[in-house]
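I opened the model to look up a helix pair, some backbone angles and the ligand shell. My entries follow.

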Amino acid sequence: MIGSIQSNEICEDENEFTELKKIIKRKIGFNCESYKQTHLKRRLALRLRITRSRSYNEYSGLLLKNPEELTQLKEALTVNVTELFRNPEMYEFVRMNVLPELIKTKGDNRMLKIWSAGCSNGEEASSIAIILREFLGISYKKYNISILCTDIDDDCLLKAEKLAFDQKQIEKLSKERLDRFFVKDGIGYILDDELRKIFKIKHHDMISGPKLGGFDLIFCRNVTIYFEHKLQEILYQDFYNALNEGGYFVMGKTESLVGPAGHMFKTVDLRERIYMKKGGS
Ligand SMILES: C[S@@+](CC[C@H](N)C(=O)[O-])C[C@H]1O[C@@H](n2cnc3c(N)ncnc32)[C@H](O)[C@@H]1O
């Protein structure tokens, strides 16, 4: 076909692929080796098609001379898809079953530390904050709650700082939640101050960044799915270590708890991928 390049016209040479990965690491600090190579190739194929590059080599050349393409590639590689109350049944389960248990075991300790790892634009953390306030009701103010939101994508983190949502982002939200937890801001909405002030936004790479700890609840959803199996195992152990005893780990619906961590956690709900760090271990 004249004038358009089909995907099967792209030359996928392995040596060129290796060189391209080195350039990506050097230029945007993205460690390609940690991600599933099939995922990586799919995301790269997208950029190659859009830029009409016929080989990894040609695309490498483009990357080196075009800073705008570096930004586009970073966006393509990180996959920031998210939404408020993504998998609503999981949030309902956490609200009805996990939070009551967690609060019970906390006793007089009114400190609650939560981590949204791979937070994207902050929708996940906003949903967590909402169910917490719904569950705690008037006791909410008596707790010292923090939600740490981390990601490697700084553009996402800027959005997570603002927590501003347009009409499309709030369309599935109930009117009750919208009225109670959001404030009108121009043509969109922002999360109200009471909830926003518990957020701590930080750049953090869960693969190479410092190990974090002391959490009661960790959400890492739809992030590790893109990682190599061995790395998934390491990260699940990291999350286990990062939890307080009796703390909970929530994964994405299509992810599985592989490796030694699979035996260390107690399964709370397999369908919703919710696990608890067993006490006394
Ligand atoms: C598909 S989004 C998931 C967002 C949210 N957790 C959810 O389930 O809706 C994946 C996020 O993980 C982030 N991410 C990818 N690799 C990461 C890493 N090594 N460390 C921290 N965040 C990472 C991406 O930048 C992206 O924002």
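I looked up helix α5 (residues 88-106) and helix α6 (residues 123-136): their axes come within 10 Å and cross at roughly 45°. Helices here are DSSP runs of H or I with at least four residues, and strands are runs of E with at least two, numbered from the N terminus. Axes are lines fitted to C-alpha atoms over the stretch in contact, with angles from 0 to 180 degrees between N-to-C directions. α5 is therefore oblique to α6 (under 35 degrees is roughly parallel, over 145 roughly antiparallel, 65 to 115 roughly perpendicular, the rest oblique).

I noted the contact residues: Tyr-91, Val-94, Arg-95 and Leu-99 from α5, and Ser-127, Ile-131, Leu-132, Glu-134 and Phe-135 from α6. Contact means C-beta atoms, placed from the backbone, within 7 Å.

The model is predicted, so I kept the limits in view: local features need pLDDT of at least 70, side-chain atom pairs count only at pLDDT 80 or more, and totals for chains, interfaces and linings use all residues. Numbering starts from 1 along each chain as its sequence is written.

Next I checked phi. Asn-222, not a glycine, has a positive phi of about 60° and lies in the loop between β7 (215-220) and α11 (229-242). Arg-273, also not a glycine, has a positive phi of about 55° and sits in the loop between β9 (265-269) and β10 (274-277).

Last, the ligand: 21 residues surround it, the closest being Thr-78, Thr-82, Gly-118, Ser-120 and Arg-221. I counted a residue as near if its C-beta atom, placed from the backbone, lies within 6 Å.

Notes: Contact = placed C-beta atoms within 7 Å.
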